[in-house]
Amino acid sequence: MNGYGAAPMFAPDALRQLLPDFDYESFAHLVGLFSDITIMSLLALSAYLMLLVGRISFCQQAFFGLGAYAAGVMTAIFHVSLAVALVAGVAVGALTAWLVALPTMHLAGLHYAVATLAFGEMSRILLGWWTWQYPSEDGPVGPAGMEGFRDIRWCLENDVTPTEYLILTIVLLLVALGLLMLLERLRLGIALRMTGHDDLLASSQGIPIARVRQYAAALAGGLAALGGGLYAHRTTYIEPALFDPMLGVHAVGYALLGGLGNALGPLVGVLLDLGLLDAMRIFQGWRMVVFGGLVALLLRWRPRGLLDEPTVLRMSLFLRRLVSTRRASNGI
Amino acid sequence: MLELLQLLVDGLLDGGVYALLGLGLSLTFGCLKRLNLAYGATAMLAAYIGVWCHLRYEASIAVVAIIIVVAATFIGWYVEQLCFSRSDDPGFQSAVGAQDRLFMTDNGEMVALASSFAIWMQLEQLAVNLLPRHLNPFPSMPIESSWMIGGIAIRQDRLLLTLLAAVISTGISLWLLHTRAGLSWRAASDHRTAAYLVGIPVVQLQTIGFILASALSGIASFAVLSLDGQVTPMFGMWVLFKGLVAAMLGGLGSMLGVLRGGLLLGVVESFSQSLLGAQGREFATYALLLLVLILPRHSDSGRRASWGIRI
């Protein structure tokens, strides 16, 4: 998963002559790693939204995949710009997520988790059946069933380097993060959290919990689809097998590990896992043994993750006090 | 006509295998309300340990069977301690601490689910490290022939497994219904707090039940693998998925329901396989599961209150 795997693309010849000692290989590796982290963060954020309303969803990878296919089809077959393709992907993801939420949202706990798992697998198999080849100059393009969907070449055709693309994904992630943080200050965001904490209490306060959960599901589907669209254009190749339940389960794991107190939590989870995975090369075959044990131990002591609600509250109080003391010392 | 009948029989016999896998899952998920995703991995690691002993020390098939069940028991204990018990809580020994665990919320269940998933990954990696090859021979029982009855072939090995599943599920059902210990189990499953208040040691019961269910996974995996003659790293996931579908189709917590669910799953798989191929079979399985979950009949079984033992 290293982007185009083309280190020379990062550095024009002039730059290479200027800085011959610079380690271009590991720079390419770093760009690939950060792209993975950013895209996984979008998926983890979508799992986080579902956890916020008290539902554990194992099908966010399906919306990720649907978004990837939709955005890929838009640029590869209809030759629209990336922005339009991403919007189309998000629309497909959000709409599907909303439609799935309609009949499943009344389920709770394990039943909801298994229902979403079943839907995720069904959509993966459906994507494997979907063949829609469209003739172009370099032969047919489009989804080709289990063979996968090749040549999503928008970035190559428009001379977008992996570094520029990474900046684009980071900006999109920051926008999504900012919107989520804003959302949590609005009525709807508070309603989301209330629904997740105790739906009986929330509904007796007059909150339409079913509709709130459907909104959350649609939002989460859109976020996952955004990540998928970005992923498809980064790797230029997608196949249904990429969107297996393991991906969705990892996203849920990141959100739980990072914490449910704040939208930054899932990012912490992703950084810990992908960062640690990279750092734990020394363990080789034992990596999963160590990491699995660490996650289980951590969840034992911090069931709502590293950044749980009390921690977030304490941090924001600390920041507020810091600001007010500084103001006082400045004589304002 | 005969072909359809043959498909039906094959499906029913496959269903027996799924029921056998689903029994322990139904016990842990339904009766104990412990969402143990590491169930399949437990069975797999135990089977790998058995195979390792077989390859290394040429242990005989009976010894391998014992090793697998014992290993599954110990792994189950490990999973229970790590993911599902909170005995490190300072107030655990006091009644208050125990009360906290009794009122385990939805959130607690979700966290246990996630940490058991982490342990799933861990156990699977351990198994693969133990025997890195993709295909490992399993000491097999020489039952491969089938009976022909009126032009329909009945595979003896599958019949044996189906009978085993039927015997175990009926046995557990009878035990739950007709003994005093079974009564306390049902009470603990129905209403944890009420059971605790009348003096049933709910937490200990749940621990014991969890470990017993893990041992059951060892029995099931030995039975299935010894008739197949080989084990691959996909085994853990297969056990979890097929067992979970069977258990959920029949209603979690119901012992005879698992039997029904397994048979239904087997029949649906065998028909959709002949109609739509391998991918179609998978699709039909998941569609069936989704349908059963969202149909109005089950709309209230999603509530935690109605999880319990239904016979």
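Because the model is predicted, local features are reported only at pLDDT of at least 70 and side-chain atom pairs count only at pLDDT 80 or more, whereas totals for chains, interfaces and linings use all residues. Residues are numbered from 1 along each chain as its sequence is written, and chains are lettered from A and ligands numbered from 1 in the order in which they are written.

The contact between the two chains takes 33 residues from chain A and 36 residues from chain B, where two residues are taken to be in contact if their C-beta atoms, placed from the backbone, lie within 7 Å. On the side of chain A that touches chain B, at least two residues each are supplied by α4 (82-104), α5 (109-129), α11 (245-258) and α13 (287-301); helices (H or I, at least four residues) and strands (E, at least two) are DSSP runs, numbered from the N terminus. The largest share of this side, eleven residues, comes from α5(A). By class, the residues on the side of chain A divide into 21 nonpolar, ten polar and two charged, with Ala, Val, Leu, Ile, Met, Phe, Trp, Tyr, Cys and Pro counted as nonpolar, Asp, Glu, Lys and Arg as charged, and the others, Gly among them, as polar.

Helix α5(A) has 21 residues and reaches 31 Å from its first C-alpha to its last, close to the 30 Å expected at 1.5 Å a residue, the expected span being 1.5 Å times one less than the number of residues. Of the 21 residues of α5(A), 18 are buried, and the helix is thus mostly covered; a residue is termed buried if 20 or more other C-beta atoms lie within 10 Å of its own, exposed if 12 or fewer, and partly exposed in between, with C-beta atoms placed from the backbone.

Elsewhere in chain A, A:C59 is found in the loop between α2 (24-52) and α3 (60-76), and A:C59 counts as buried because it has 31 C-beta neighbours inside 10 Å. Leaving aside neighbours within four places in sequence, A:C59 is in contact with A:T116, A:L117, A:F119, A:G120 and A:G248. Most residues other than glycine have a negative phi. A:D151 is placed in the loop between β2 (149-150) and α6 (154-157) of chain A and is partly exposed, because 16 other C-beta atoms lie within 10 Å. A:T236, in the loop between α10 (209-235) and α11 of chain A, is likewise partly exposed, with 18 other C-beta atoms within 10 Å.

Chain B has eleven helices and four strands, and buried residues make up 51% of its 311 residues. Among contacts in chain B between residues at least 6 apart in sequence, 78% join residues at least 24 apart. Strands β2 (residues 146-149) and β3 (residues 152-155) of chain B pair in the antiparallel sense over four bridges, a pairing being assigned if DSSP finds at least two bridges between two strands. B:S146 has B:R155 as its bridge partner in β3(B), and B:I149 stands opposite B:I152. The two strands form a hairpin with two residues between them, and B:G150 in the turn has a positive phi of about 60°.

Helices α3 (residues 61-84) and α9 (residues 202-228) of chain B pack at an angle of about 145°, with their axes 8 Å apart; axes are lines fitted to C-alpha atoms, for helices over the stretch in contact, and angles run from 0 to 180 degrees between N-to-C directions. By class, the contact of α3(B) with α9(B) has 14 nonpolar, eight polar and one charged residues. Helix α9(B) has 27 residues and reaches 39 Å from its first C-alpha to its last, close to the 39 Å expected at 1.5 Å a residue. Because 20 of its 27 residues are buried, α9(B) is largely enclosed by the rest of the structure. Just after α9(B), B:G229 takes a positive phi of about 85°.
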